[in-house]
Amino acid sequence: QKPILLQGHERSITQIKYNREGDLLFTVAKDPIVNVWYSVNGERLGTYNGHTGAVWCVDADWDTRHVLTGSADNSCRLWDCETGKQLALVKTSSAVRTCGFDFGGNIIMFSTDKQMGYQCFVSFFDLRDPAQIENNEPYMKIPCSDSKITSAVWGPLGEFIIAGHENGELNQFSAKSGEQLTNIKEHTKQINDIQTSRDMTMFITASKDNTAKLFDCTSLEHLKTFRTERPVNSAALSPIFDHVVLGGGQEAMDVTTTSTRIGKFEARFFHLAFEEEFGRVKGHFGPINSVAFHPDGKSYSSGGEDGYVRIHYFDPQYFEFEFEA
């Protein structure tokens with residue numbers, strides 16, 4: 001089946017994200033544009049205009065009323081999903097690398113980069129208190145002095161966040177007190193991406209050390225490892241099957257002219273329990289930077305260094321194969 005090709009960015013894709021129902025797909029890239037598309041046919045719904053630098057992260061809240069973006073222009077912005085109007089602007093001292101709404105959509109968190117002499121921080125704002133945004137005073141700010149956060153997600157019920165670091169460490173920070181609850185180091189290099197399962201019991205990490213790993217959300221117990229020969233930039237868990245999709249490739253700067261052969265950069269499918277690869281999907285002309293499953297599990301999308309987002313619908317055989325198995 002031919003994928004739907006979304007062409008709305010001039011630079012490489014940094015993150016793609018479905019809303020909870022899966023009817024919308026949000027894409028951000030190393031250009032200042034934030035796009036939203038209908039996932040069913042790839043029609044572009046609109047853009048959120050305002051950023052002046054690369055946009056690193058995007059998230060939509062539970063009922064898709066608000067959209068949150070973080071950018072290298074040292075800002076985190078809150079948008080009205082429907083109208084595209086900017087509702088809030090939080091200025092930071094360095095680039096915003098990761099951002100996310102909690103389960104209820106009332107609390108946002110974002111992490112800033114360690115650069116220009118500034119430390120890496122995770123900031124928490126409660127949107128029910130407009131004064132926090134107006135005065136740019138988060139109700140909590142957690143410093144990360146050792147190694148900067150490269151990816152972070154909310155845990156179940158918004159009690160803590162799970163943060164992946166440049167040195168391969170994983171941390172749990174309490175969203176109430178800010179204390180570090182758990183710390184483990186299963187990866188040897190930078191964690192590029194963290195995504196949770198549909199029921200928030202597990203999460204998968206993608207790392208530069210050529211592996212993706214599955215963990216328990218609460219205990220951070222390491223459950224499975226999926227190995228490849230190249231850095232893994234993104235990994236996602238299927239909401240309906242025991243399947244994992246990984247996207248990656250070499251570092252953008254290591255891509256030589258010889259590796260632009262089509263098909264070098266595949267999305268790779270692994271079985272969650274057996275850790276075995278069972279399929280690959282070709283298509284991108286550069287490393288895949290972000291992958292995401294549709295919440296109904298019937299399709300997935302990938303965003304690449306080539307600036308394209310591809311929406312792939314699975315063949316009927318894919319579902320038959322799984323049910324027989």
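A disulfide is counted where a pair of cysteine sulfur atoms lies within 2.5 Å. In this predicted model, the structure holds zero disulfides. The sulfur of Cys76 has its closest cysteine sulfur in Cys99, at 5.1 Å, which is too far for a bond. Likewise, the closest cysteine sulfur to that of Cys144 belongs to Cys120, and the separation of 4.3 Å is too far for a bond. Cys76 is buried, at 2% relative accessibility, and Cys144 is also buried, at 6%.

Thr112 is buried, with a relative accessible area of 7%. Beyond its neighbours within four places in sequence, Thr112 is in contact with Thr92, Ser94, Ala95, Val96, Gln119, Cys120 and Phe121.

Aromatic rings were examined next. A search of the whole structure identifies 20 aromatic pairs. One of them joins Phe124 and Trp154 in an edge-to-face arrangement, with 5.8 Å between centres and 80 degrees between planes. Phe124 belongs to strand E12 (residues 120-126) and Trp154 to strand E14 (residues 149-154), so this pair ties together parts that are 30 residues apart in sequence. Both residues, Phe124 and Trp154, are buried. Phe269 and Phe278 form a tilted pair, 6.2 Å centre to centre and with 45 degrees between the planes. Phe269 is buried, at 4% relative accessible area, whereas Phe278 is partly exposed, at 33%.

The charged end of Arg20 sits over the ring of Trp62, 3.7 Å from its centre, and Arg97 lies over the face of Trp56, at 4.1 Å from the ring centre.

Key. Residues are numbered from 1 along each chain as its sequence is written. This is a predicted model: local features need pLDDT of at least 70, side-chain atom pairs count only at pLDDT 80 or more; totals for chains, interfaces and linings use all residues. Side-chain values use heavy atoms; hydrogens and water are left out. Buried means under 20% relative accessible area, exposed over 50%, partly exposed in between (1.4 Å probe, protein chains only). Contact means heavy atoms within 4.5 Å. Rings of Phe, Tyr and Trp (its six-membered ring) pair if their centres lie within 6.5 Å; planes under 30 degrees apart count as stacked, over 60 as edge-to-face and the rest as tilted. Helices (H or I, at least four residues) and strands (E, at least two) are DSSP runs, numbered from the N terminus. A charge sits over a ring if NZ of Lys or CZ of Arg is within 6 Å of the ring centre and within 35 degrees of the ring normal.
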